[in-house]
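My notes follow in the order in which I checked things.

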Amino acid sequence: MKFLSKLSIRTLAVAGAVAALSHAPMRAQAEETYNLAMLSDFSGPYADIMPILAGGREAVVDWWNATRGKELGVVLNYKNFETRYDAAQVASLWPGIKSELNPIAVMGLGGPDVAALGERLPEDKIPMFMATAGYGFAWKEDSWIFNPRPTYSHESAGFLSHLRAKLGKDEPVKVVIMASEASPAYVDMAHGLEKYAKENPEMVEIVETIYTEVQPTDLTAQMRRVARAGADAVIIQTNTSIVVAVKRALQANGADIPIMMSSHNGLPASGKAAGGIAQLEGDYESYGMAIAVEGDTAPYGFYQMLASDYDLKAPWNVVTAMGMAQGSYVVTVIEHAIEANGAAGLTGEKVREALFLKPITTEETHGMLPTLQFTPEAPFPLEGLKVNVAQVVDGKIVIDATNVDAPVVNKW
Amino acid sequence: MDPSGVFSVSYRQDRKLVRTKWQVLFLLGFMALLYLLPYYASPRIVAIGNIMLISAIVAVGLQICTGYAGQINLGQAAFMGVGAYTAGLLASKYQMSFLLTIPLAGLSAAGFGFLFGLTAARIKGFYLALTTIAAQFIFHFAVLNLPSSWMGGSNGVTVPAATLFGLKISSTSGLFYLNLVFATIMIAGAFGIVRSRFGRAFVAVRDDDVAAGIMGINVARTKATAFLIGAFYAGVGGALWAYMIRFVGVDQFTLFNSIFFIAMIIVGGMGSITGALIGVFIIRMIQEVIATVGPNIAEAVPFLGGDIVFASMNMFLGGVIALFMILEPRGLMHRWNIIKSSYRIWPFPY
Amino acid sequence: MDFLNYVINGALIGLLYALIAMGFVVIYRASKVFNFAQGELVILGGFIVWYTTFELGLNLWLAIPLSLVASALAGYVIEKVFLTKLIGESVFSMVMVTVGLLIFLRGLILLVFGPAVRPFPIVFPLRPLFIGDILIPMNLLIGGGITIVCAVGLSWFFNKTRPGLRMTAVAEDHVVASSMGISVKHSIAAAWIIGAVLSTIGAIIFLSGKSLTFLASDIGFAALPVALFAGLESIGGLVLAGIIVGVAQGLATAYLDPIIGGSIGTVMPFIIMLGILLIRPTGLFGWRTIERV
């Protein structure tokens, strides 16, 4: 008994001394390492843009590790996982990701990730942060999946309120929605805007929702109806092929109706598909993150810094911007979590809580995103939503409006 | 054929599926390995196992319908989708236990399949293939356009976890056991079906349906039954899929998924249940290997790029199907049987 | 007036489907192979055209004939690699091989050309034809004309000329034809060459001025019902079948879509196909085969 207590006291003393000594030169030693899982698509439908997107978000994490992370004593490791944009693949990868990495956050890519992990993340207590706009079908309370942008319907509604002001109209803007049944997401986008129009008839009037294939055969007849109805804009948030087909059909009808595109089928991509950006003269793109044009702006400055110092090879375009935006708000929320809880013992749950604690200011994301205040009610911030609008003027993409307030769109 | 020295001395022995003591031993050993998988394998392997088991159930159903009965079915994914939606809706709206929803899912898919089976009575060969492709597209359209409250429309259906006596089955190993139990039952059942008079009727209709009709087989009913059984399996597989992914969306069940299932039975060998299992294993294994190794290859050899990997996989898969049909239409099972029998009768050549 | 517009537009789109279906039918007529990969042949042709016009920068008058030759070559190669060995095999094997071919071609196209959306050259003038209040897109109008010319020409070829009749004999029965001294291999090769060229012409009409991506192969599936409706052996019948299917789809898109709030126009060809299969599987003008046991 006595021997034991002597031993234990001595052990304690030694342990205490070691502990005290080890805490003295504090910063250099206590480096915490956390893991981020990055869901990617290197061999599926988005394989051609994946290297750019991945480059964008990885460069931001590298930058954070070297600057803010170093000060806080935290290193964020990341690993890419190939999902083929297939929910089955994500589902089969997830247990391995969880056990191998035990990540504190996941950077997601698109619909299949949401589908496969939507129900598991609350149980596994790891949050997922997306790069794209939200979908109506993922609009749930107490979600563990977050979008830095509101839904596509919010973004189109925001654009339309801007257009209405720009045109100086008192009546509602007349709008045609192009949708496709090829993917439920496309149908979802249309339903959201339709609901908004129903609840706000003084702002927007939907002339028609036209469903077509991903590669339409011919839309001349449909665009004739559109032209005759005097539509003010055509909303196409689906893909570039529909944009090009609509454009040709509008040209055939001699109708000068502007098209609004989203980020994934935006002006650069659709312009290329149409044979040159000049073909899309007068058309718009609109989404809730920074528009990738060159100029003396904070996002472009951030990009240039990443390109020169952190090996970012991707060009400055909307995909890179999406990746950078995703990386930015994830590292910011992790930073908030560290500030709230200390560098040690971070878990996915604490990261999620930090998301609701403080807003992510637009300065913290270098202007890539507006100030975001997340709440447990939705996967995206419900207030303070803003969209940016760009237009093709004289064959070049110029910013038409920034920080337009996106209106309130109720869940559909 | 039996190994040399093994002769059946009773009718019962002749009828056996597992024929020698060694085979019984191997089978039991294999089953034990499978059932103990979560204990010695990493969660990733168990997750791959989950996908393989579900695909195996669907592929076995397809094998019965297409491999044994000769009814080309390019809509198996749509039947799987019907099962998945049924299970998902029953579970989320009525909180039914999975013990009820899975069989009901199978039955609803079977009903859907039966309708197509009836058309099969009048339509043959590639016309039938076209009908099943049409089923695929109509399923897609119907789900998206029926009112949201019926089938979730574009929102999909969120599925709660399966529960058994209050225990939630949502972990990877829990799901593995769920899938394994159902797979064991369904596959054992499949062996039984193909050795029964139904199975023999299927094969007769496949070989020559006019002749089969002359011999007294009710051809229309046999074809419809083949579809019914194939769709039932697909429905059960779909229900298990719903419980695993926990979200049912119409784009999980596309024409390409159907073609993948056909690829599995072609590679494995048509007309053999074990062949279907082998085919599932190989194709899924290739997919997983490419998914795991792909990004590393893309990094290591930068000029190839990621899109090469996807494209290569498609090319590989398509090439595999085409090559198997040309060179070895009876699939790997046939090769295996040749090897097995030449081993058994060695040193004699025949 | 609108109704007339929809009918005319639909008919012209239907003629485009008929052109693509002609590829099916020619291949079927000569080799009894139902080519599920026809849509992939269309986009293969489309990519060849894109390559010659944009990548090689050739003038259209040079690029198009070159593309046609290249696609003929492609058709020949595909036939040699995949289908020669299948002569005499069961229908099932052939179906499966073309399904495999579909996946293979899609992968090949992705490998060589990548998944990005490419612009397609403007082959036909963009300004449509105005007849009073009716608006007719130029590419569809000229395309419709090409379809009818091809249909008449091929119909005459298969029914009235020696080589054509030889190919028809092969379609009836490979074994009997070869026992009569007809080279089955040559017939099938010729069929695939013609099929590939028709697909490329179809691609040019379909995509002129628009954009090209590997997803465009879906049109192959829309053209299937037309082939079935006409009856898989009848080329002339394709014109009528195409017009009917196209008009039905056009009217459905115009009048039914808004009511349902969905895209019934896309499914309409399949509904028609199911109807045909149930009522009259051999189609309007197809051969009625007598099966011997």
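Entry 1, chain C. I looked up burial and found that 59% of the 293 residues in chain C are buried. The model is predicted, and totals for chains use all residues. I then took the contacts in chain C with a separation of 6 or more; 77% of these come from residues 24 or more positions apart. For chain C I listed 11 helices and 4 strands. Its C-alpha trace spans about 60 × 50 × 35 Å along the principal axes. I also compared the radius of gyration with the globule rule: chain C has 19 Å, and because a compact globule with 293 residues would have a value near 19 Å, the two agree.

Entry 2, the sheet of chain A. I traced an open sheet of 7 strands with mixed pairing, in the order β7-β6-β8-β9-β10-β11-β12 of chain A. Its edge strands are β7(A), residues 204-211, and β12(A), residues 396-405, and each of them pairs on one side only. With direction ignored, neighbouring strands of this sheet are turned by 25 degrees against each other on average.

β6(A), residues 173-179, and β7(A) pair in the parallel sense over 7 bridges. Within this pair, Lys174(A) has Glu205(A) of β7(A) as its bridge partner. β6(A) also runs parallel to β8(A), joined to it by 4 bridges, and here Ile177(A) stands opposite Ile235(A) of β8(A). Going on, β8(A) and β9(A), residues 259-261, are parallel and joined by 3 bridges. Ile236(A) stands opposite Met261(A) in β9(A).

Which way do the residues of β8(A) point? Ala233(A) and Ile235(A) point one way, Val234(A) and Ile236(A) the other, and all are buried. I noted the general rule beside this: in a regular strand, side chains alternate between the two faces of the sheet.

Helix α10(A), residues 220-228, lies across β6, β7 and β8 of chain A and runs at about 170 degrees to β7(A). Helix α11(A), residues 240-252, forms a right-handed β-α-β unit together with β8(A) and β9(A). I then turned to α15(A), residues 348-357, where the buried residues are Gly348(A), Lys350(A), Val351(A), Arg352(A), Ala354(A) and Leu355(A). What covers these buried residues includes β3 (105-107), β5 (145-146) and α14 (318-341) of chain A.

I found 34 residues of chain A in contact with 34 residues of chain B. On the chain A side, the elements that give two or more residues are α3 (50-66), β2 (74-82), α5 (87-101), α6 (111-117) and α9 (184-199). The largest share, 10 residues, comes from α5(A). By class, this side of chain A has 14 nonpolar, 11 polar and 9 charged residues.

Technical notes. Residues numbered from 1 in each chain as written. Chains lettered and ligands numbered in written order. Predicted model: local features only at pLDDT ≥ 70, side-chain atom pairs only at ≥ 80, totals over all residues. Contact = placed C-beta atoms within 7 Å. Nonpolar A, V, L, I, M, F, W, Y, C, P; charged D, E, K, R; others polar. Buried ≥ 20, exposed ≤ 12 C-beta atoms within 10 Å, placed from the backbone. Rg over C-alpha atoms; globule rule 2.2 N^0.38 Å. Pairing = 2+ DSSP bridges. Axes fitted to C-alpha atoms, helices over the stretch in contact; angles between N-to-C directions. Right-handed = clockwise from strand over helix to strand, strands pointing away.
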